[in-house]
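Hi everyone, thanks for coming.

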Amino acid sequence: KAMNLGNKINTPYNEIAPFYYPADRILFFSSDGHEGFGGLDIFMSIGEAYSEALVKNLGVPFNSNHDDAYITLGVEKGYLSSNRDGGEGKFDIYRFNIITNEIVIAEIDHNTANTSKDEVLKSRVRKLNQSNLYAMRDEDKIYYENLASSHKTRIDRIVTAKLEALKSMQSVQLRSDDEAFYNALDVKEKATIEKLVKILWANNRNNISEAIASITNESPAMANSTLLVTGNLVRLRDSSAAAAVSIPMVNDKGEILRTTSTNDDGSFKFTNIPVNQKFKILADNVSIKFTQPAEYEVQNLQIETIIKELIVVHKENIYFDHNSYNIRHEAARMLDEIVVFYGNNPQIQIEIFAYTDNTGTDIYNEALSQMRGQSTMDYLVAKGVDRTALVILAQGRRKPFASNDDEIGRQLNRRVEFSFNGNLSSFNTGAETYLLKRACTLAELVTATGLTLEDLEKWNGFVTSDLLENTPLRLKNPKKDYDRELLYRVNLQDANTNQE
């Protein structure tokens, strides 16, 4: 005898496509009645005491702000259907790994056609309220305004009736002709109407026209704006702050755009994020089955649109030895100056662009540039820079500064560049970088530059008096007429055309 699973599972709306996964004793199903991100979302209920079931939204990437349903699992792969953006038609079939090494903790989809602070957040955020989950989108406006007037009138009545049912906690009472009209609609349009009902209910509005009118056109300032993303990472087991956790941000192709790290209180920050693009924030984890609870979640995820602030790219890089990510002595001196600058400008975020030469494979160089960025971040943190003020953008061997045809060019490409977001004053060390064209002693360098030994040691942190060929040197307030047989001047103003 068929048994209704009760009101922990079922709602006054639609519950469809049940799939029972015996390996973990989980019931999967799709619903547009439980709190979700769009139309139909996929949920799971653990165990078999359905009258006491804890229903969990699967979150991203399984759910989207469209319809997601019909999940099924094999041994290593799972499948689901979705009519989300980017598909081939209406509902498409998607495949995913059951075991994953990447945990998506938040996904950001910012629509600048809405008000300047509007956002859609799709994440494992426990305290996300419905007004955040259900925001009127430009796509809803387009759908509604393109309806024929007779259809618009019917949908107005249907939505009003559904709102009244929610308020009174009674069943929906539709006119017979409206009910026939609604039943004849396709699944996607029905889901859109249900979403409109949820939007109005969550935002305490009584009619669609009122909600549509709240969508403003893009302001001119939006063309010159970026996103500020902040939040707190906590451990699910006890809600404690997850400190010093590396969290990368990736684009919709899965490419890592930048990486930051959490503070002692679990807080993190990304600045200078482009608008009108989709991003995911990940937490690296051990291999985990997607049905298992994630180790982390984000609380207080906030997205703010800000007018682009002054970005100063400072005029000195740091350099690395071949196949190394250790901070060189002269690089440490330059980083110490960044620490002082940060102390005077604690509101900034420092972007660390890390590069390699062309030796080795792309995969190897991506990893090496990430390690160079990480060692730079670790040094600055150890000196007192807030972790949330630092972001790594690992570039691998992309965008070479100079030709890789000789050792001088390769040395110049083994570098980290910096830019500062949100600072009120420019940063300039007053130093320029030179490379030694041949090995020499400190005494020879003093003679060649006319600088004192004390100043050279202060700016470069030398630990030996014998300097190797291609050693990077920092020269403060340099002259332009140094011995060109000994010193190669790095002209940062003219990348890829350094001939001096």
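I'll start with the chain as a whole, then go through some salt bridges, a pair of helices, and a couple of backbone angles.

One thing before anything else: this is a predicted model. The protein chain has eleven helices and 25 strands. There are 500 residues in it, and 50% of them count as buried. As for the surface, the accessible area of the protein chain comes to about 23800 Å², and carbon and sulfur atoms own 49% of that. Now take the contacts in the protein chain between residues with a separation of 6 or more: 66% of those are between residues 24 or more positions apart.

As a reminder, side chains of opposite charge can pair when their charged atoms come close.

Let me show you a few. Have a look at Arg 84 and Asp 68, whose side chains form a salt bridge at 2.8 Å, N to O. Arg 84 sits in the loop between β6 (77–82) and β7 (92–97), while Asp 68 is in strand β5 (residues 68–73), so this pair ties together parts that are 16 residues apart in sequence. And are these two buried or exposed? Both Arg 84 and Asp 68 are buried.

Next up is Glu 351 with Arg 258, another salt bridge, where the closest N and O atoms are 3.1 Å apart. This pair links distant parts of the chain, with Glu 351 in strand β18 (residues 349–354) and Arg 258 in strand β12 (residues 256–261), 93 residues apart. Glu 351 and Arg 258 are both buried too.

Then we've got Arg 414 and Glu 407, with their side chains meeting in a salt bridge at 2.8 Å, N to O. Here the two partners are worth checking one by one. Arg 414 has 3% relative accessibility, so it counts as buried, the cut-off being under 20%. Glu 407 has a relative accessible area of 31%, which makes it partly exposed.

And salt bridges can join up: Arg 154, Arg 157, Arg 175, Asp 177 and Asp 178 are linked in a network of them.

Let's move on to the helices. Two packed helices are described by the angle between their axes and the distance between the axes. For helix α7 (residues 329–344) and helix α11 (residues 453–460), the axes come within 6 Å and cross at roughly 80°. That makes α7 roughly perpendicular to α11. Which residues meet there? From α7 we have His 329, Glu 330 and Arg 333, and from α11 we have Glu 457, Lys 458, Trp 459 and Asn 460. If you sort the residues of this contact by type, you get one nonpolar, two polar and four charged.

Last topic, the backbone. Most residues other than glycine have a negative phi. Tyr 70 isn't a glycine, yet its phi is positive, about 60°. You'll find Tyr 70 in strand β5, and at 48% relative accessibility it counts as partly exposed. Asn 272 also has a positive phi, near 60°. Asn 272 lies in strand β13 (residues 267–274) and is partly exposed, with a relative accessible area of 21%.

Terms used. Residues numbered from 1 in each chain as written. Predicted model: local features only at pLDDT ≥ 70, side-chain atom pairs only at ≥ 80, totals over all residues. Heavy atoms only, no water. Salt bridge = Lys/Arg side-chain N within 4 Å of Asp/Glu carboxyl O. Helix = DSSP H or I, 4+ residues; strand = E, 2+ residues; numbered from the N terminus. Buried < 20%, exposed > 50% of the residue type's maximum accessible area, 1.4 Å probe, protein only. Contact = heavy atoms within 4.5 Å. Areas by Shrake-Rupley, 256 points an atom, 1.4 Å probe, with all protein chains shown as cover. Axes fitted to C-alpha atoms, helices over the stretch in contact; angles between N-to-C directions. Parallel < 35°, antiparallel > 145°, perpendicular 65-115°, else oblique. Nonpolar A, V, L, I, M, F, W, Y, C, P; charged D, E, K, R; others polar.
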